[in-house]
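Please open the model in your viewer and keep the selection tool at hand. The tour goes from one selection to the next, and each stop says what is to be found there.

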Amino acid sequence: MNRVKAGIAFVLICFSALSLCGCFMPRAHSMGASLMAVPHQPRASADSANTEMSVAVGAFGNIAGEGLNVNKVKNGGGDVSFMYRMGGAVSPLFFSAAAGGMLGKLHLDCNESRCSDNAEKYKAWLKTREGKREYSFWDVQERLLLGGDFNVGQYVLLGLGGGVQFFQGGGSYDDMRDELEDRKLLENVDGNAGFAPVSSVWAGSRLGDGGKWGSVLAEFDMLYKGDIEDWTSAIMLSYFHPTGFYGGVVWNSQLGYGLNVGKAFVF
């Protein structure tokens with residue numbers, strides 16, 4: 001019994017020491033580790049089982065977002081994507097590749113539990129002139145995705161996909177993350193470049209007979225980089241017109257709320 005009590009006491013002492021020493025530093029992501037704002041383009045017709053290729057060009061942005069220990073995020077950018085759909089018996093299967101870039105500015109913040117509970121030095125730094133500055137960033141992203149796009153009757157759309165997303169970035173925000181990590185005030189989760197698995201699921205509906213008024217799609221994406229608490233996510237609600245134009249609202253766990261618009265060309 002005494003040994004058990006001594007073991008419990010030792011664990012509590014170690015936990016207290018770790019809490020007091022600030023070993024669990026607040027974290028910050030590269031903005032490139034956010035999900036790409038490239039919505040999945042459904043087939044225009046539920047009856048189509050032909051091989052199909054499409055190219056889409058899009059633009060996106062937001063003016064007042066919030067992410068992991070950052071706020072007042074303003075960003076804008078564009079992307080281009082290519083999709084190849086199989087034909088015949090395997091017509092639900094598709095492959096897509098996308099590339100894009102963005103520019104933006106933000107302020108560093110303290111808005112996660114690890115930061116709020118155990119980051120006195122970092123919170124003190126945020127009150128300095130350096131901590132109150134606005135920092136810039138730029139990022140390039142690429143994504144490869146394989147998946148299935150299924151029609152349930154004439155109106156319901158369901159699908160899922162998986163793949164990998166890459167990113168490369170820079171700017172004064174990335175430089176400051178490196179410096180804060182060197183000073184042991186912040187954990188730089190991603191570095192300035194990297195890659196991670198990505199998944200996507202969606203559900204929606206065609207509007208009108210044969211989708212003559214277009215389609216609406218809700219999509220949920222995840223980027224699995226680092227520990228589970230480091231994963232980033234995005235939700236997109238998009239409308240696709242039969243002419244190929246699309247637009248929608250995006251929520252991104254690293255960028256906040258934004259809008260995206262674009263045009264797809266089907267061959």
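Begin with the aromatic rings, of which the structure holds 5 pairs, where rings of Phe, Tyr and Trp (its six-membered ring) are paired if their centres lie within 6.5 Å, and where planes under 30 degrees apart count as stacked, over 60 as edge-to-face and the rest as tilted. Select Tyr-122 and Trp-125, which form a stacked pair with 6.1 Å from centre to centre and 15° between the planes. These two residues are 3 apart in helix H3 (residues 120-126), so about one helical turn separates Tyr-122 from Trp-125. Tyr-122 is buried at a relative accessible area of 1%, and Trp-125 is buried as well, at 5%; buried here means under 20% relative accessible area, exposed means over 50%, and partly exposed lies in between (1.4 Å probe, protein chains only).

Next, select Phe-240 and Tyr-246, whose ring centres are 5.8 Å apart and whose planes meet at 40°, so this pair counts as tilted. Phe-240 is buried, with a relative accessible area of 3%, and Tyr-246 is buried with 9%.

A word on how to read these values: this is a predicted model, in which local features need pLDDT of at least 70 and side-chain atom pairs count only at pLDDT 80 or more, while totals for chains, interfaces and linings use all residues. Residues are numbered from 1 along each chain as its sequence is written, and side-chain values use heavy atoms, with hydrogens and water left out.

Now select Lys-263 together with two rings. The charged end of Lys-263 sits over the ring of Phe-265, 4.3 Å from its centre, and Lys-263 also lies over the face of Phe-245, at 5.2 Å from that ring centre; a charge is counted as sitting over a ring if NZ of Lys or CZ of Arg is within 6 Å of the ring centre and within 35 degrees of the ring normal.

Return to helix H3 and select Ala-124, which is found in that helix. Is Ala-124 buried or partly exposed? With a relative accessible area of 43%, Ala-124 is partly exposed.

Strand E8 (residues 193-206) runs antiparallel to strand E9 (residues 215-223), and 9 bridges join them; Ser-200, for example, has Asp-221 in E9 as its bridge partner. E9 is in turn joined by 9 bridges to strand E10 (residues 232-240), again antiparallel, with Val-216 partnered by Tyr-239 and Ala-218 by Leu-237. E10 and E11 form a hairpin with 4 residues between them, and Gly-244 in the turn has a positive phi of about 105°.

Then select Cys-110 and Cys-115, which are joined by a disulfide with an S to S distance of 2.0 Å; a disulfide is taken as a pair of cysteine sulfur atoms within 2.5 Å, and the structure holds 1 of them. The torsion about the S-S bond of Cys-110 and Cys-115 is about -130°, so the disulfide is left-handed. Both Cys-110 and Cys-115 are buried.

Select His-107, which lies in strand E4 (residues 93-108) and counts as buried at 17% relative accessibility. A polar atom of its side chain lies 3.3 Å from the backbone oxygen of Lys-132. Leaving out residues up to four places away in sequence, His-107 touches Asn-69, Val-70, Asn-71, Lys-72, Lys-132, Arg-133 and Glu-134, where contact means heavy atoms within 4.5 Å.

Finally, zoom out to the whole chain. The protein chain has 4 helices and 12 strands, and its C-alpha atoms fill a box of roughly 70 × 55 × 25 Å, taken along the principal axes. Of its 267 residues, 46% count as buried.

How values were computed
Pairing = 2+ DSSP bridges. Polar contact = N/O pair within 3.5 Å; in protein donor to acceptor, adjacent residues only side chain to side chain.
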